[in-house]
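Let's take a tour of this structure, piece by piece. Have a look at the chain first, and then we'll walk through its parts.

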Amino acid sequence: FADVPVGTGYRTECAITFEKRRGLLTLLPQGQVNHRFLAQVPSNALAYGAAKFDVNAWLDSLAGVVEGLEPKMVESAHKALAKAGERIGVDIRKDLIASLGDDWAWYVSVPPQGGLIPDVAVFVSAKDGERFENAVVKIVDKLRERAVKRGAYVELNETDFRGQRIRFVEAADRHGEPVPVQPCWVRGADYFVLGLYPQAVKHA
């Protein structure tokens, strides 16, 4: 445990080591945390955090633990995941989860123009950014098809802010009532910035 001076503030770090992980301990994130995204966090951030977390490897570990307790449950989960992938037109494990890296970070900041709802952005490194983004676009296309049949609205739009392209999803129900969030992302060289609305990722 340590408080490390960073600029005009401090960063608190905590590390827990195990001689050998077994059982549920294998599900805990592991590896040296990389603060590569810290420089992109706005100076007015209220909170920041980072973690080393390989989601794909974690799912494998979870399956291993569950299989030892209830093998049929793992089989059912694999079938459900495959069926969900067929419905949205992508392989959830290969196209989405495996395309992401294991460096994660997040921050909460005060909106530059004010407001009661803080901006929240999440950073994640990418092993194959193009594959991940293409998969997300396919999912939005499937959602659009379903929305049209129900008289609702789903559309993938984009805007440019200081040279970076922000892609976001707008949606409304069949009565024209807009969904209060607009899931969005910015694609970097080897990472993504994710948010619930475009304003949240503009300054990341």
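This is a predicted model: local features need pLDDT of at least 70, side-chain atom pairs count only at pLDDT 80 or more; totals for chains, interfaces and linings use all residues.

## Before we start

## The overall layout

Starting at the N terminus, they come in the order β-β-β-α-α-α-β-β-α-β-β-β-β. Taken along the principal axes, the C-alpha atoms fill a box of roughly 55 × 55 × 30 Å.

## The hairpin at the start

The chain opens with strand β1 (residues 2-6), which is joined to β2 by 5 bridges, with the two running antiparallel. One of the residues involved is P5, whose bridge partner in β2 is Y10.

Together β1 and β2 make a hairpin, with 2 residues between them. In that turn sits G7, which has a positive phi of about 60 degrees.

## The open sheet

Now for the sheet: 7 strands line up in the order β3-β4-β5-β9-β8-β7-β6, with antiparallel pairing, and the sheet is open. Why is one side of β3 and of β6 left without a neighbour? Strands β3 and β6 (153-161) stand at the edges and each has a single partner strand, so one side of each has no neighbour in the sheet. From one strand to the next, the twist averages 20 degrees.

Zoom in on one pair and you'll find strand β7 (residues 164-172) next to strand β8 (residues 184-187), paired in the antiparallel sense over 3 bridges. Here F168 has C184 in β8 as its bridge partner.

## A helix across the strands

Helix α4 (residues 129-149) lies across a whole series of strands: β4 (100-109), β5 (119-126), β6, β7, β8 and β9 (191-195). Relative to β6, helix α4 runs at about 140 degrees.

## Two helices that meet

Two packed helices are described by the angle between their axes and the distance between the axes. For helix α1 (residues 55-69) and helix α2 (residues 71-88), the axes come within 5 Å and cross at roughly 135 degrees. That makes α1 oblique to α2.

Which residues do the meeting? On the α1 side they are A63, V66, E67 and L69, and on the α2 side P71, M73 and V74. By type, the contact of α1 with α2 has 6 nonpolar residues, no polar ones and 1 charged.

Which element gives the most to the lining of the second largest pocket? That would be β3, with 4 residues. Sorted by type, the lining of this pocket divides into 9 nonpolar, 4 polar and 1 charged.

Technical notes. Residues are numbered from 1 along each chain as its sequence is written. Side-chain values use heavy atoms; hydrogens and water are left out. Axes are lines fitted to C-alpha atoms, for helices over the stretch in contact, and angles run from 0 to 180 degrees between N-to-C directions. Angles under 35 degrees count as roughly parallel, over 145 as roughly antiparallel, 65 to 115 as roughly perpendicular and the rest as oblique. Contact means heavy atoms within 4.5 Å. Ala, Val, Leu, Ile, Met, Phe, Trp, Tyr, Cys and Pro count as nonpolar, Asp, Glu, Lys and Arg as charged, and the others, Gly among them, as polar. Two strands pair if DSSP finds at least two bridges between them.
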